[in-house]
Amino acid sequence: MPTWWIQKLLWLQGFLQIFCLFRAFRPPVGVPCTHYMPVQSSCLAVVSQSGSPAPPLACRTVPGVAIMALVNGSTLLVLGPRAWILLAVLLCLAAVVWRTALGRSPAQMLLAGTRALIQLAAVALAIGWLSGRGTLAFAFVALMFVVGVWTSGRRVAPEGRWWLAAVPLAAGVVPTAALLLAFGVLPLSALAVIAVVGQQIGGAMSTVTLAGRRIRDELALRNGEVEAAVALGFQWPAARSMVARPVAGEAVLPAIDQTRTAGLVTLPGAFVGMILGGAEPLDAGLIQLLVLVSLLLVNACAASVTLWLGCRGAWHAAGRGGLPGP
């Protein structure tokens, strides 16, 4: 089948899936929907102002969408003791696969899960406390930035100038967040700033880590080609760029694929959560689209600056880290 036919079928699938989603979350005709409540059989029921339940909303099936039940008025999975047991089982299985199949230390996986539990609990309390304190919210975002710099920098240059990870992170996050603020899309509220800018910092951190490590390994592997280009008269940055530039963009591919397949392969959790919370489907889609597209700009800028640093040997001193020359 020709490629353009496959693309047309993918577009058609996307339109059909979005149409089914909007119909599934549209309130029943004649029922003034005010809120959702959990009912038996784990379906969401629409409750009218008179108090009489309408047909269960979540029982309408949507292809590729797992509708989550509401627990105590929040969009959550079904919680309880079994959820904690399952959490421990999943973490242990991940550690076993990490050790047996990939030959890595299971302590890394166990420590990551434990840290995530502690940090999420602390952050939940901190965000609740910062909700009415806009100035301190920016201090919390600065703390997130510092942690992102330390995490990605130690991955790229554990024995070098790891603090330089602040440059590509800032190059991706600051202009994008400034545009959102300048257009009035991102309000100067603590929760909005922490949620949006924090997600951008996380995306830039992953991109710097992937791009930096990929560039470093490629330059070390093809060091002979770089030296040959220098012998032909190229400067060191230009010689390294010929080797590193084709692989630097691979770090942005996950963000591109996530944006291309939004609504086709997966539905972002925030998108479904906003709809379940009562937001208009089009508004929820626009918000999610702004997040996805802003992450594209963040990741592209972060990867390009990471490439610029790598081609100039900025992560390591001359002659170290597999990067000879100035």
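Helix H5 passes helix H11 in a right-handed crossing. Helices here are DSSP runs of H or I with at least four residues, strands are E runs of at least two, and both are numbered from the N terminus.

This is a predicted model, where local features need pLDDT of at least 70, side-chain atom pairs count only at pLDDT 80 or more, and totals for chains, interfaces and linings use all residues. Residues are numbered from 1 along each chain as its sequence is written, and side-chain values use heavy atoms, leaving out hydrogens and water.

Start with the whole chain. It has 11 helices and 5 strands. Of its 326 residues, 31% count as buried, that is, under 20% relative accessible area with a 1.4 Å probe, protein chains only. Now take the contacts with a separation of 6 or more: residues 24 or more positions apart account for 62% of them. Contact means heavy atoms within 4.5 Å.

Back to the first pair. H5 covers residues 166–182 and H11 covers residues 281–311. Their axes come within 7 Å and cross at roughly 150 degrees. Axes are lines fitted to C-alpha atoms over the stretch in contact, and angles run from 0 to 180 degrees between N-to-C directions. That angle makes H5 roughly antiparallel to H11, because angles over 145 degrees count as roughly antiparallel. Among the residues that meet are Val167, Ala171 and Thr176 in H5 and Leu297, Cys301 and Val305 in H11. By class, this contact has 11 nonpolar, 4 polar and no charged residues. Nonpolar covers Ala, Val, Leu, Ile, Met, Phe, Trp, Tyr, Cys and Pro; charged covers Asp, Glu, Lys and Arg; the others, Gly among them, are polar.

Next comes helix H6 (residues 190–221) with helix H8 (residues 236–248). Their axes come within 9 Å and cross at roughly 140 degrees. That makes H6 oblique to H8. The crossing is right-handed. Ala211, Arg214, Ile215, Glu218 and Leu219 of H6 make the contact with Arg240, Val243, Ala244, Val247 and Ala248 of H8. Here the classes are 7 nonpolar, no polar and 3 charged residues.

Finally, look at Gln200 in helix H6. Is Gln200 buried or exposed? Gln200 is buried, with a relative accessible area of 1%. Not counting residues up to four places away in sequence, Gln200 touches Val173, Thr176, Ala177, Leu180, Ser294, Leu295 and Val298.

Terms used. Buried < 20%, exposed > 50% of the residue type's maximum accessible area, 1.4 Å probe, protein only. Parallel < 35°, antiparallel > 145°, perpendicular 65-115°, else oblique. Left-handed = near helix turned anticlockwise from the far one by under 90°.
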